[in-house]
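Subject: Structure handover

Hello,

Here is the structure I promised to pass on. Please open it first, then read the notes below.

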Amino acid sequence: MSGRAQLMWDEAVTGYDFGPEHPMDPVRLALTRRLVESFGLDQAVDVVTAKAAGESTLRLVHRQDYIDAVKAASADPRSADGSYGIGTLDDPAFAGMHEVSALIAGQSVGAAESVWRGDALHAVNFAGGLHHAMPGGASGFCIYNDASLAIARLLELGAERVAYVDVDVHHGDGVQAAFWEDPRVLTISLHEHPRTLFPQTGWPEETGAAGDPEGSAVNVALPAGTGDAGWLRAFHAVVPELLAGFRPQVLVTQHGADTHFEDPLAHLAVSLDAQRAVQVACHDLAHEYADGRWVALGGGGYAVVEVVPRSWTHLVGIAAGREIAPEASIPEEWRQEVFARTRQLAPVRMTDGRWPVSYGEWEAGYDPADRLDQAVLATRRAVFPLRGLLP
């Protein structure tokens, strides 16, 4: 197995563009790629372009009638069929939509193939993580569900146990739905509580289909306002123990940066430093329980200058074995490019000034009156017994 990580990248993914008023500005992808370059991380990874996902690959998750609807809207955006979630405020149709969505999906599928076959130990596609798309419809800025497609491809290649950990602020509903009845896939999502945020799913009681797969879905619904200590406490109170019991052959993680306190679309209060801490934890968990096989994806994130490029550049550095120190200064050339592209002032360091981030270990005890601890306990009580674990 190659020791080098792969970074999946094709400049054409920046064509995933819903328009100038849409919060998912593709400049976040371009700026992340440039920041990776500015730190020299592109020399520490193999930069790989995978082919776009073809129809047979897309059909591993998506229905043919939906693929046909995306293609039709891609050729003529005015003909978009809203019954498929296309042509809506969240998912406006645009020319070339099918092609660029399939290209992003292809990068995640290619990452999964590389890791499974041993061409790379870790692979990152920060353009991916489009976790809301359903088998038969677009949702939440997501056309094709590249995360689900990567997992489905791993199963097709022979994987028997794949774990998916999603730390986006929004529930990973599309991935959960795709594998709701499949005991080979364990989906774990930590997200803002569905009472206060789209897609209004991801309750702790959602544990998978009844029968043998029950317990294959895990949801931690965090109270709005949860900050670094609570977020990390919840992650470490749930994820490691479940992975230890499941023993995945591959770990797929989704690192939406919209948990950040500056994100305009959600209500958690997590710092860049805590995001980095979870990225390090996912890397370490992949080595502890999945022989190091790690596919890391991007996701949401709408503070497109201040947060997203720094968060995902940290992710690339961790995967490459070239971690960037939180206190590292950001190269001036990148800051100048940010201003030229956006007329915004760029951050100057790779930290929010909260490193190292501390939190209370669950094993040390919990407070039944604390809302965060109530959320963690609800998840543990709902799913841990189904997996043979003590809540």
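First, a convention on charge: Lys and Arg count as positive and Asp and Glu as negative, while His and the chain ends are not counted. The place of a charge is taken as NZ of Lys, CZ of Arg, CG of Asp or CD of Glu. On that basis the protein has 29 positive and 52 negative side chains. The centres of the two sets lie 3 Å apart.

This is a predicted model, where local features need pLDDT of at least 70 and side-chain atom pairs count only at pLDDT 80 or more, though totals for chains, interfaces and linings use all residues. Residues are numbered from 1 along each chain as its sequence is written, and side-chain values use heavy atoms, with hydrogens and water left out.

Overall fold

The protein has 11 helices and 8 strands. These are DSSP runs, numbered from the N terminus: helices are H or I with at least four residues, strands are E with at least two. The radius of gyration is 19 Å, close to the 21 Å that the globule rule gives for 391 residues, so the protein is as compact as a globular protein of that length. (The radius is taken over C-alpha atoms; the rule is 2.2 Å times the number of residues to the power 0.38.) The C-alpha trace spans about 55 × 50 × 45 Å along its principal axes.

Of the 391 residues, 62% count as buried. Buried means under 20% relative accessible area, exposed over 50%, partly exposed in between (1.4 Å probe, protein chains only).

Aromatic pairs

The whole structure holds 9 aromatic pairs. Rings of Phe, Tyr and Trp (its six-membered ring) pair if their centres lie within 6.5 Å; planes under 30 degrees apart count as stacked, over 60 as edge-to-face and the rest as tilted.

One of them is Tyr16 with Phe94, edge-to-face, at 6.2 Å centre to centre and 85 degrees between the planes. It links distant parts of the chain, 78 residues apart. Tyr16 sits in the loop between strand E1 (5-8) and helix H1 (27-38). Phe94 sits in the loop between helix H3 (64-75) and helix H4 (97-117). Tyr16 counts as buried at 4% relative accessibility, and Phe94 counts as buried at 10%.

Tyr66 and Tyr84 form a tilted pair, 6.1 Å centre to centre with 35 degrees between the planes. Tyr66 is in helix H3 and Tyr84 in the loop between H3 and H4, 18 residues apart. Tyr66 is buried at 0%.

Finally, Trp9, Phe126 and Trp312 form one aromatic cluster.

Best wishes
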